[in-house]
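Dear colleague,

Please find below the structure that I am handing over to you. The findings follow directly after it.

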Amino acid sequence: MTDARFTTDDGITLIDLWELPEERIDEAIARWKERVALIHTAPGFRDACLHRGLDPEAARFGLVNIAHWDSVEARDKALARPGFTASAATTTGYATVRGGWYRVAAAFGAQGDGSGITVVEAFELPPERLDGFLPWWSDRVELTSEAPGFQDARLHRAVAPDTRFQAVGVAHWDSPEAWRTATAAGGPLVQGHPSAPPGFTTVGPVLLRSGAAF
């Protein structure tokens with residue numbers, strides 16, 4: 001069996017979930033590339049990847065941005081660069097972005113090279129229930145971690161108590177078919193059926209592919 005690694009990374013992760021019309025996705029990706037090009041050489045920047053939903057019409061979030069920085073302060077300094085604010089303002093009229101800062105709280109598997117698909121689940125729950133939520137998430141992921149096509153999974157815990165989604169799960173699979181087989185009726189997740197702790201709601205899972213990266 002694969003054991004979860006409860007861990008604290010030395011960096012910090014920004015996760016932004018974008019609600020926007022499907023017809024504006026290509027424009028939003030272009031603006032994202034423009035903005036990140038202004039800051040990707042800044043001190044403290046590690047990497048950033050914008051993921052695009054495989055089926056935007058069926059998913060609440062058409063885009064998900066995941067970026068890694070040394071610290072929140074490093075990103076704040078980078079965003080003060082000329083040109084960034086003007087570019088960011090072009091998206092506010094058609095997109096609602098729900099995001100926050102996170103640290104990795106639990107992990108399964110060694111992170112791969114980004115091939116395949118990314119599966120994101122956002123969990124809305126009170127901050128005081130996170131400690132009880134972590135074992136449930138780990139038990140749930142363990143059921144699928146041995147399934148063909150599973151690569152890795154990380155649970156991110158919000159830094160601030162007022163973050164909309166206090167936990168965000170990010171997993172990588174070889175293909176949509178591999179994920180669907182593991183989570184479908186008769187698959188390991190359904191067969192194991194760990195009872196969920198009360199008091200949280202889930203948005204997703206959203207299946208995505210990398211749309212742009214720095």
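The expected span of a helix is 1.5 Å times one less than its number of residues. Please keep in mind that the model is a predicted one, and that this applies to everything reported here.

Helix H1

Helix H1 comprises 15 residues, 25-39, and at 1.5 Å a residue it should span 21 Å; its end C-alpha atoms lie 21 Å apart, which agrees. Within H1, the residues Ile25, Ala28, Ile29, Trp32, Arg35, Val36 and Ile39 are buried. Viewed down the axis of H1, these buried residues fall within an arc of 130 degrees, so they line one face of the helix.

Alanine 212 and strand E9

Alanine 212 belongs to strand E9 and is buried, with a relative accessible area of 9%; the cut-off for buried is under 20%. Alanine 212 and alanine 48 are 164 residues apart along the chain, and their C-alpha atoms are separated by 8.4 Å. Strand E9 also contains proline 205. A cis peptide bond, with omega of about 5 degrees, joins glycine 204 to proline 205.

Aromatic pairs

A pair of aromatic rings is described by the distance of the centres and the angle of the planes. How many aromatic pairs does the structure hold? There are 11 aromatic pairs. One of them is formed by phenylalanine 123 and phenylalanine 200, which are edge-to-face at 5.9 Å centre to centre, with 65 degrees between the planes. This pair links distant parts of the chain: phenylalanine 123 is in strand E6 (residues 117-124), whereas phenylalanine 200 is in the loop between helix H6 (188-192) and strand E9 (201-213), 77 residues apart. Phenylalanine 123 is buried, with a relative accessible area of 0%, and phenylalanine 200 is buried with a value of 18%.

Phenylalanine 200 also pairs with phenylalanine 133: their ring centres are 5.2 Å apart and their planes stand at 80 degrees, so this pair is edge-to-face. Because phenylalanine 133 lies in helix H4 (residues 130-145) and phenylalanine 200 in the loop between H6 and E9, the pair ties together parts that are 67 residues apart in sequence. Both phenylalanine 133 and phenylalanine 200 are buried. Ring pairs join Phe123, Phe133, Trp136 and Phe200 into a cluster.

A charge is also placed over a ring in this model: the charged end of arginine 24 sits over the ring of tyrosine 94, 4.0 Å from its centre.

Nonpolar cores

Which residues of the largest nonpolar core touch the most other members? Of its 25 residues, these are Phe123, Phe133, Trp137, Leu155 and Trp173. At least two residues of this core come from each of strand E5 (96-108), E6, H4, strand E7 (150-158), strand E8 (167-173) and helix H5 (176-183). H4 gives the most to this core, with 6 residues. Another core, of 23 residues, lies apart from it and has Ile12, Leu50, Leu63 and Ala67 among its members.

Leaving aside neighbours within four places in sequence, phenylalanine 123 is in contact with residues including Phe133, Trp136, Trp137, Leu155 and Phe200. Other contacts of phenylalanine 123 include Phe165, Val168 and Thr202.

With kind regards

Note on methods
Residues are numbered from 1 along each chain as its sequence is written. This is a predicted model: local features need pLDDT of at least 70, side-chain atom pairs count only at pLDDT 80 or more; totals for chains, interfaces and linings use all residues. Side-chain values use heavy atoms; hydrogens and water are left out. Rings of Phe, Tyr and Trp (its six-membered ring) pair if their centres lie within 6.5 Å; planes under 30 degrees apart count as stacked, over 60 as edge-to-face and the rest as tilted. Helices (H or I, at least four residues) and strands (E, at least two) are DSSP runs, numbered from the N terminus. Buried means under 20% relative accessible area, exposed over 50%, partly exposed in between (1.4 Å probe, protein chains only). A charge sits over a ring if NZ of Lys or CZ of Arg is within 6 Å of the ring centre and within 35 degrees of the ring normal. The arc is that of the directions from the helix axis to the C-beta atoms. A nonpolar core is a set of buried Ala, Val, Leu, Ile, Met, Phe, Trp, Tyr and Cys residues joined through side-chain atoms within 4.5 Å. Contact means heavy atoms within 4.5 Å.
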